[in-house]
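Good morning, and thank you for joining.

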Amino acid sequence: MSRSYTARRTPRHTGAAAWDAILGPRAHHAPLQGTQTCDVAVIGGGFAGLSAARRLHQLAPQARIALIDAGRIGQGASGRNSGFMIDLPHELTSDNYAGETKAQDRRVIRTNRAAIAFAAEAVDELGISSEFFRRDGKVNGAACDKSHRQNLSYAAHLATLDEPHEALDAQAMFELTGSRHYLSGLYTPGTVMLQPAGYVRGLAAGLARHIRIFEDSSVLSLDRGNGAWTLRSHAGELHAGQVIMATNGHLESFGFLRNRLMHIFLFACMTEELPPEALQRLGGAPCWGITPSDPMGTTLRRISTGQGGNRIVTRTIATMEPGMETTPAQMRRAERVMRQKFADRFPQLTGVKMAHGWSGHLCLSRNHVSVTGQLDDGLFAACCQNGLGTARGTLTGICAAEQALGHESEITRFFATEPGPTRLPPAPLARIGANMFIRWREHQARSE
């Protein structure tokens with residue numbers, strides 16, 4: 001029986017993907033043209049899609065694998081990610097990032113570390129710059145008493161898990177960041193700090209020796225007939241025995257899981273290259289990353305020459321947009337807020353300009369599960385990363401590849417225990433209710 005899935009929309013992004021822009025140009029992969037064939041097609045060139053392609057090649061090195069992306073690798077959601085590849089539980093709906101049970105958290109830690117190990121192996125194997133994969137750890141920063149207490153709660157939870165962590169006082173936070181804004185911090189060593197566009201660009205460049213990659217090729221429809229799939233773009237079609245959809249929230253664009261996926265956008269900005277006099281005024285360490293103790297606070301990163309220049313990245317402000325697109329007005333509002341957040345933390349950097357601003361698309365489910373497994377005959381998903389695109393995207397990509405080839409592992413067993421995403425309220429109510437809740441939580445976390 002033939003079946004068809006047509007995309008109602010294709011990915012659109014607000015602002016340039018700064019992580020890609022600061023690396024400079026690269027040679028691009030040609031778009032899909034004419035009629036091509038492969039054994040397995042992967043839709044999406046982000047963390048999930050590239051991880052799926054690499055795992056497919058590991059398990060079936062003779063298979064003909066093709067990866068197709070709507071844009072250019074490093075310029076989509078992966079190039080808009082903040083680059084924290086976190087090993088510990090990082091439940092965004094929790095007050096202190098902890099999961100529901102210690103057993104669940106330990107399992108999450110094991111799988112997250114499997115993702116980090118997979119990525120580290122790729123870095124070594126494919127010659128990706130170590131500056132794009134830094135084992136710096138991260139800090140939960142607290143700017144008020146409430147957030148400090150959240151850090152204490154999280155530290156106590158980590159102690160029960162026998163996970164290493166270190167409390168930082170205000171002076172230690174100043175020595176790290178150059179900012180007097182923070183009351184305290186909680187350092188955990190296991191997080192890898194990525195240059196996210198550099199990592200995925202390197203992953204694609206290495207994999208291109210073994211697989212075909214098509215860029216600037218939006219998949220407009222998938223059609224099942226005669227035991228195979230046909231993927232159609234504007235200029236060509238790709239025939240595949242099996243397909244992995246690594247499209248995160250855009251899975252819904254093809255009609256899957258409607259009213260079960262939440263489309264959240266976060267906004268970010270990146271400074272110009274900091275001149276020597278600004279670096280001297282700033283002080284602090286050359287590379288660090290801070291997640292807010294309150295998940296609705298502000299994320300900050302400082303990077304150095306090896307990642308694309310001496311710059312600071314600020315990320316805050318969230319909105320739920322079922323249409324999967326933000327507006328210029330939303331971007332302008334977010335930039336005003338982020339500029340003030342930056343000024344509050346770094347008054348010594350008055351006059352430093354923001355060189356880039358962008359929004360990034362996150363996909364969450366109401367019950368915090370991902371979407372893996374078989375969607376149709378020979379059609380698999382690696383989607384819904386719940387705001388944890390680096391580690392969870394890597395894991396869902398591995399899982400989908402293994403499921404497609406009938407391979408079982410701890411990763412496939414981990415996702416097999418998850419239920420499907422639960423239904424959301426009707427769309428208008430979901431958007432209004434979610435954004436009211438987000439604004440309230442942002443107000444509570446305003447000092448963060």
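Which residues in H2 meet which residues in H9? The model is predicted, so to speak of local features we need pLDDT of at least 70, side-chain atom pairs count only at pLDDT 80 or more, and totals for chains, interfaces and linings use all residues. Residues are numbered from 1 along each chain as its sequence is written, and side-chain values use heavy atoms, with hydrogens and water left out.

In H2, Phe-47, Ala-48, Ser-51, Ala-52, Arg-55, Leu-56 and Leu-59 meet Gly-389, Thr-390, Gly-393, Thr-394, Thr-396, Gly-397, Ile-398, Ala-401 and Glu-402 in H9, where contact means heavy atoms within 4.5 Å. Helices (H or I, at least four residues) and strands (E, at least two) are DSSP runs, numbered from the N terminus. The axes of H2 (residues 47-59) and H9 (residues 389-404) come within 7 Å and cross at roughly 40°; axes are lines fitted to C-alpha atoms, for helices over the stretch in contact, with angles from 0 to 180 degrees between N-to-C directions.

Let us turn to strand S6. S6 (residues 138-142) is mostly covered, with 5 of its 5 residues buried, that is, under 20% relative accessible area with a 1.4 Å probe, protein chains only. Lys-138, Asn-140 and Ala-142 lie on one side, and Val-139 and Gly-141 on the other.

S6 has 5 bridges to S8 (residues 184-188), running antiparallel; pairing requires at least two bridges found by DSSP. Lys-138 stands opposite Thr-188 in S8. With S15 (residues 288-292), S6 runs parallel, joined by 3 bridges, and Asn-140 has Thr-291 as its bridge partner there.

Conventions: Buried < 20%, exposed > 50% of the residue type's maximum accessible area, 1.4 Å probe, protein only.
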